Amino acid sequence: MTVKEVTDIIEDLAPLPYAESFDNVGLLVGSANVEVSGVLVTLDTLENVVDEAIELNCNLIVSFHPIIFGGLKKLTGKSYVERVVIKAIKNDIAIYSMHTALDNVPQGVNAKICEVLGVKNPQILVPQKETIKKLTTYVPVKDAETLREALFNAGAGNIGNYSNCSFSTKGTGSYKAEENANPTIGEIGKTHFEEEAQLNVSFSKIHQARVMKALFTSHPYEEVAYEVITLENTNQNIGMGMIGDLPKPVNDISFLRDVKQKMGAEGIRHSQLLGKKVQKVAVLGGSGAFAIEAAKASGADILVTADIKYHDFYKAEGKMIIADIGHYESEQFTKNLLVDYLTKKIPNFAIRLSESKTNPIKYL
């Protein structure tokens with residue numbers, strides 16, 4: 001298998017268009033066309049991880065966090081980022097990252113946290129905006145059904161638990177083919193009137209290339225009239241964080257102790273305990289302060305996340321508990337998720353779980 005074939009499988013789980021705009025995801029180092037000898041899955045790509053990949057004969061590192069995040073202007077080996085990139089290039093090792101693309105999908109980072117903590121029926125906590133597109137086009141009535149089916153097959157027309165969703169109206173379209181045109185219907189130099197259907201379908205932004213290809217391939221006209229807009233509607237199946245319920249209410253301090261044990265946290269920083277039972281649990285792997293208001297609005301008894309600043313703890317306002325378990329600790333099981341996924345998708349292929357320690361934070 002090539003690097004691209006492996007990463008295409010990863011992108012079925014975590015499509016890169018779902019990554020946040022600030023992020024740097026995809027193939028960061030190496031060629032997509034190289035044959036893969038083995039895959040090493042890690043949370044972070046550090047020098048010791050590259051050494052591990054060399055030892056295990058893995059020439060593709062799949063890393064949750066991107067080693068290149070800001071711009072690299074030099075490769076002189078003065079920073080750990082530069083040294084990692086140099087070592088990977090010297091040893092023909094590709095590095096791929098999906099980061100917030102995996103954060104934003106319902107089978108990703110936060111679903112794994114819910115699994116570990118026993119949170120049931122999790123739903124997206126902060127739905128991602130601008131993930132839904134709408135296509136409007138105009139097609140001769142006799143060709144409308146063919147085009148509609150082609151768009152459905154390309155991924156358009158799915159709304160929640162419903163598929164093949166569209167809306168159409170009939171009207172009269174007009175056009176005049178100029179000298180260099182090659183009209184399917186009508187004559188050069190004459191204004192033509194055609195009974196047409198206005199066809200409307202919505203689709204996820206990850207399917208845009210496929211939908212547009214289907215439009216141009218299946219539409220009978222030489223020049224296709226169409227509009228694509230981004231909708232304000234939120235996609236309830238895509239976004240950051242998750243919220244669900246414990247099987248039964250538990251004492252708040254007991255739940256925090258359980259979180260500490262299950263997530264392997266050296267310590268938990270938390271807001272004031274409220275002396276009430278915990279059942280509705282919100283989770284967000286990594287830096288989750290931005291989700292505090294969403295968690296409160298959703299009725300969460302506790303938000304389990306990381307990287308909470310001093311003043312952010314005040315935002316609990318006696319309505320829920322905010323628990324900071326540590327950035328690494330909140331995301332550590334992500335690599336297990338990826339190994340399990342790739343092992344199922346590519347059986348009999350070398351998928352290795354990195355044993356290198358990459359948590360930069362130590363505790364007394």
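**Pockets in a predicted model**

Student: Which strand gives the largest share of the lining of the second largest pocket?

Tutor: In this predicted model, the largest share of that lining comes from E8, which supplies five residues. Strand E6 (132–140), strand E8 (191–204) and E10 each supply at least two residues of the lining of the second largest pocket.

Student: What volume does the second largest pocket have, and which residues are closest to its centre?

Tutor: The volume of the second largest pocket is about 550 Å³. Its lining has 24 residues, and of these Ile132, Asn158, Ile159, Gly160 and Asn235 are the closest to the centre.

Student: How does that lining divide by class?

Tutor: By class, the lining of the second largest pocket has ten nonpolar residues, 13 polar residues and one charged residue.

Student: Okay, switching over: what volume does the largest pocket have?

Tutor: The largest pocket has a volume of about 830 Å³. Of the 39 residues that line the largest pocket, Phe22, His65, Phe69, His99 and His327 are the closest to its centre.

Student: Which elements give two or more residues to that lining, and which one gives the most?

Tutor: The elements that give two or more residues to the lining of the largest pocket are the helices H3 (80–90), H4 (100–103) and H10 (327–331), together with the strands E5 (120–128), E10 (235–251) and E12 (277–287). E12 gives the most, with four residues.

How values were computed: Residues numbered from 1 in each chain as written. Predicted model: local features only at pLDDT ≥ 70, side-chain atom pairs only at ≥ 80, totals over all residues. Heavy atoms only, no water. 1 Å grid on protein atoms, 1.4 Å probe; cavity = no way out; pocket = protein on both sides within 12 Å on 5 of 7 lines; lining within 4 Å. Points joined across faces, edges and corners; volume = space filled by probe spheres on them. Nonpolar A, V, L, I, M, F, W, Y, C, P; charged D, E, K, R; others polar.
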